[in-house]
Amino acid sequence: MNNNKQRTINKNALFEGIGLHTGKAVVMKFLPAPENTGVVFIRSDLPNKPKIKASLENVISTNRGTVLKENDAVVNTVEHVLSALKGLGIDNMFIDLNDVEPPVMDGSAREYVKAILEAGIKEQEEPKVYISLKDKLFLEEKGKKMTYLPSDKFEVTFTLAYSDSIIAPQTIHVEINEEEYLKRIGISRTFGFEHEFEMLKANDLARGGS
């Protein structure tokens with residue numbers, strides 16, 4: 001399969017579960033999409049079934065989850081779904097939801113990945129569109145730092161370090177390709193701390209967490 005061609009899925013995939021933050025039961029469908037569509041969420045529970053494109057300009061919050069909004073329609077906690085699509089090189093997909101949030105499944109992208117592989121990946125005719133970085137970028141906020149360096153590969157070096165050392169500092173370096181994604185990234189689960197649980201629930205978060 002040509003890695004430079006756009007991709008979608010061969011057939012629909014169905015998911016049922018509860019939202020991580022809302023705790024509500026939700027049904028989600030992955031649907032094939034034409035070339036140059038991108039990833040588009042469809043709120044089928046709302047009048048006229050509004051669409052929300054997964055694009056940077058539609059991000060309105062990243063507090064304990066990524067929230068997208070287009071016009072008056074919102075979709076929450078999309079990061080594991082988008083991770084699965086990126087990890088498997090899916091460019092075009094409609095994602096139909098009957099509530100505001102995808103089902104959390106096991107807290108990772110594992111079940112989404114499994115469903116995409118079972119549905120099959122379809123290569124399309126149009127070439128992929130890439131963003132290339134020409135200069136070094138550095139960001140820092142509230143003790144968190146990110147450095148972006150030009151490369152002809154997608155490589156990530158990540159260091160986890162909590163100030164209270166509740167989890168020992170650790171570092172990973174990985175070149176993100178489909179094989180490494182399946183083996184090391186897609187199975188990585190969201191975690192939280194017990195001491196934060198009541199605070200999260202008081203702020204209408206993690207209601208579907210355990």
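Modeller: What follows is a short talk about aromatic pairs, a surface patch and a cavity. This is a predicted model, in which local features need pLDDT of at least 70 and side-chain atom pairs count only at pLDDT 80 or more, while totals for chains, interfaces and linings use all residues. Residues are numbered from 1 along each chain as its sequence is written, and side-chain values use heavy atoms, with hydrogens and water left out.

Biologist: How many aromatic pairs does the structure hold?
Modeller: There are 3 aromatic pairs. Rings of Phe, Tyr and Trp (its six-membered ring) pair if their centres lie within 6.5 Å; planes under 30 degrees apart count as stacked, over 60 as edge-to-face and the rest as tilted. Phenylalanine 15 and tyrosine 112 make an edge-to-face pair, 5.3 Å centre to centre with 80° between the planes.

Biologist: Which parts does that pair tie together?
Modeller: Phenylalanine 15 is in strand E2 (residues 13-18) and tyrosine 112 in helix H2 (residues 110-119), so the pair ties together parts 97 residues apart in sequence. Helices (H or I, at least four residues) and strands (E, at least two) are DSSP runs, numbered from the N terminus.

Biologist: Is phenylalanine 15 buried or exposed?
Modeller: Phenylalanine 15 is buried, as is tyrosine 112. Buried means under 20% relative accessible area, exposed over 50%, and partly exposed in between (1.4 Å probe, protein chains only).

Biologist: What about phenylalanine 30 and tyrosine 112?
Modeller: They form a tilted pair, 6.1 Å centre to centre with 50° between the planes. Phenylalanine 30 lies in strand E3 (residues 25-32) and tyrosine 112 in helix H2, so this pair ties together parts 82 residues apart in sequence. Phenylalanine 30 is buried too, like tyrosine 112. Ring pairs join Phe15, Phe30 and Tyr112 into a cluster.

Biologist: New topic. Where is methionine 146?
Modeller: Methionine 146 sits in strand E12. It counts as partly exposed because its relative accessibility is 47%.

Biologist: And inside, how many cavities of 30 Å³ or more?
Modeller: The count is 1. On a 1 Å grid over the protein atoms alone, a cavity is a set of points where a 1.4 Å probe fits but cannot get out, and lining residues have an atom within 4 Å of a point. A volume is the space filled by probe spheres set on the points, which are joined across faces, edges and corners. The largest cavity holds about 80 Å³ of space.

Biologist: Which residues line the largest cavity?
Modeller: Among them are Leu20, Thr77, Tyr112 and Thr190. Helix H1 (residues 79-87) gives the largest share of the lining, 3 residues.

Technical notes:
1 Å grid on protein atoms, 1.4 Å probe; cavity = no way out; pocket = protein on both sides within 12 Å on 5 of 7 lines; lining within 4 Å.
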